[in-house]
Amino acid sequence: MSVRVRYAPSPTGDPHVGNIRSALFNWLYARHEGGTFIVRIEDTDQTRYVPGSVEAILEALAWLGLDWDEGPGSETRYGPYVQSERLALYREHADRLLADGRAYLCYCSTERLDALKRARQAKREPGGYDRRCRDPQEAEKARAENPSPVARFKTPLEGTLAVHDAVRGEVAFDLSLLDDFVLLKSDGFPTYHLANVVDDHLMEISHVMRAEEWLPSAPRHRLLYKAFGYEMPQLVHLPLIQGPDRAKLSKRHGAASVLEFRDEGYLPEALLNFLALLGWSLDETSELFTKEELARHFTPERIVASAAVFNREKLDWFNGVYIRKMGDAELADALAPWLEDAERGLPSAVPRPIDRAYLAAIVPLERERLRKLADAPQMLSFFFEERPAYDPALLVPKGMDAPGARAALEAALAAAEETDDWSAPALETAYRALAERLGLRTGQLFGAVRVAVTGRAAAPPLFDTMAVLGKERCAERLRRAVEAV
RNA sequence: GCCCCUAUAGUCUAGCGGCCCAGGACGCCACCCUUUCAAGGUGGAGAUCGCGGGUUCGAAUCCCGCUGGGGGCGCCA
């Protein structure tokens, strides 16, 4: 039997990382098995629909390189892939259950349901619907209260039901604790439970891989499959992703949307690699995987059962690793839009577009210092600004006074002006000799020159930096430093 | 409150009865490299394998209980 798996987000907001991790695992499994990866939009709650979120979800998938074989817009015998376009299917299924006597119409008002819930809470009784309308006479009475009923499933009153989860094994539930859940809402839309079961069957889904929060509803689904006479797909419940406080990861923990991570300058390869290792591992030591390698190795057997905390520092490390893997031209291309961005890029005084050849020369110097692409404007600004601002006090090296620093900078300026060969090795030779002549430690002289030339105490190797900046710019900055110190 | 899941260092994890007085990675610390910052290299601190009982010649690994953590209990998904 071929593997058909699906990612079934509801369009209620941005694509959350926890959610996308489910998409990733489904995608990996599909690709591992040469199966089919399906995207299905579960928009059965009209009230929570957020315009643009379908686009955002698909955008996130595309950014990560998770291509889908079937999804919104696909013309196949399984479509459509948007639940609001499949309403007739759910209604037919609900009708079947109604006709069979496996479901019934419930006319109870929301007021009554609320009151029931409150009363149960007050008495500390287990919650759930009291099945009033399961009695036809009661239903008839209630009918007056509510013109638009819901359809409820008749849950067995007792017994236990075991479902099999690939990660956790058999999980048993006590049926007496399950109430008669809603199948069809009063607006005619299906609930998640109905729509999910109907679609997974009709789309011939072989494995349902979803977050662990769904495990408690597995017995309901089991019951529905049985009632319809359908075979239930394999269940694979993925461990939850938690924030540092160990609660389910959400917006309150900061960036939660994949698109936000993209906008913070994370590389898709890095986020993907990091996410894959949240709840899955190959062996003792392997950490770095491309998407293809992940797909080659991914098996559900190696999914972990316990929840994982989303660890920013490790994500940052992965990002640095993937930045370092990039070639000069590749990184320059990736960086350019970040540097040119009107709001978060280089100061507006720096003309756009930026000089690509110049950027390409800078890249080798900054690559291993970058953690996120978004850091680039700040880190590289001194390469582009005419007059990088800095505190003149930084020009005075440890163990020296201002006049001494001034003398050293004057000498450095003179040496710069005299130099014909403006290459890193030549500059280094010249400045080492100069330090010796002045009786300074190289660290002292180089430190002062670094601040003069870059405006900061921490920068890439000095002579490579000077070589890239060019003689004119360096001389000008040294001149300014002499005056400033 | 009830139900379910879960439990190896701060974090992600390896381990599926003896190879483990527990391996890898992030983070942290130190040293090396070095003109600063990174990157890289080397080393280190950090886990009584949540606790208590069993089973076994032998348990992180199997069983039971407890405790902690999480999730679910909607005409939301």
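**View 1. Overall surface and extent of chain A in the predicted model.** Chain A exposes about 22500 Å², and carbon and sulfur atoms supply 50% of that area; the coordinates belong to a predicted model. The secondary structure of the chain comes to 19 helices and 11 strands. With a radius of gyration of 32 Å, well over the 23 Å that the globule rule gives for 485 residues, chain A is more spread out than a compact globule. Its C-alpha trace spans about 105 × 50 × 40 Å along the principal axes.

**View 2. The largest nonpolar core and the surroundings of Phe 310.** This core holds 116 residues, of which Phe 310, Phe 383, Tyr 431, Met 466 and Leu 478 touch the most other members. Helix H1, residues 17-33, gives the most to the core, with nine residues. When neighbours within four places in sequence are left aside, Phe 310 is in contact with Val 17, Ile 241, Gln 242, Leu 249, Phe 261, Phe 274, Leu 275, Leu 278 and Leu 315. In soluble globular proteins, nonpolar side chains tend to be buried together.

**View 3. Helix H3 and its buried side.** The 14 residues of helix H3, residues 87-100, should span 20 Å at 1.5 Å a residue, and the end C-alpha atoms of the helix are 20 Å apart, which agrees. Its buried residues are Leu 87, Tyr 90, His 93, Ala 94 and Leu 97. These residues lie on the same side of H3, because they cover an arc of only 135° around the axis. An α-helix has 3.6 residues a turn, so residues three or four places apart point the same way. The cover over the buried residues of H3 includes strands S3 (103-106), S4 (150-153) and S7 (182-184), together with helices H6 (192-202) and H7 (218-228). Just after H3, Gly 101 takes a positive phi of about 75°.

**View 4. Thr 36 in strand S2.** Thr 36 has its place in strand S2, which comprises residues 36-39. Its relative accessibility is 18%, so Thr 36 counts as buried, the cut-off being under 20%. Apart from neighbours within four places in sequence, Thr 36 is in contact with Val 3, Arg 4, Val 5, Ala 30, Asp 69 and Glu 70.

Notes
Residues numbered from 1 in each chain as written. Chains lettered and ligands numbered in written order. Predicted model: local features only at pLDDT ≥ 70, side-chain atom pairs only at ≥ 80, totals over all residues. Heavy atoms only, no water. Helix = DSSP H or I, 4+ residues; strand = E, 2+ residues; numbered from the N terminus. Expected span 1.5 Å × (residues − 1). Buried < 20%, exposed > 50% of the residue type's maximum accessible area, 1.4 Å probe, protein only. Arc of directions from axis to C-beta. Contact = heavy atoms within 4.5 Å. Core = buried A, V, L, I, M, F, W, Y, C linked by side-chain atoms within 4.5 Å. Rg over C-alpha atoms; globule rule 2.2 N^0.38 Å. Areas by Shrake-Rupley, 256 points an atom, 1.4 Å probe, with all protein chains shown as cover.
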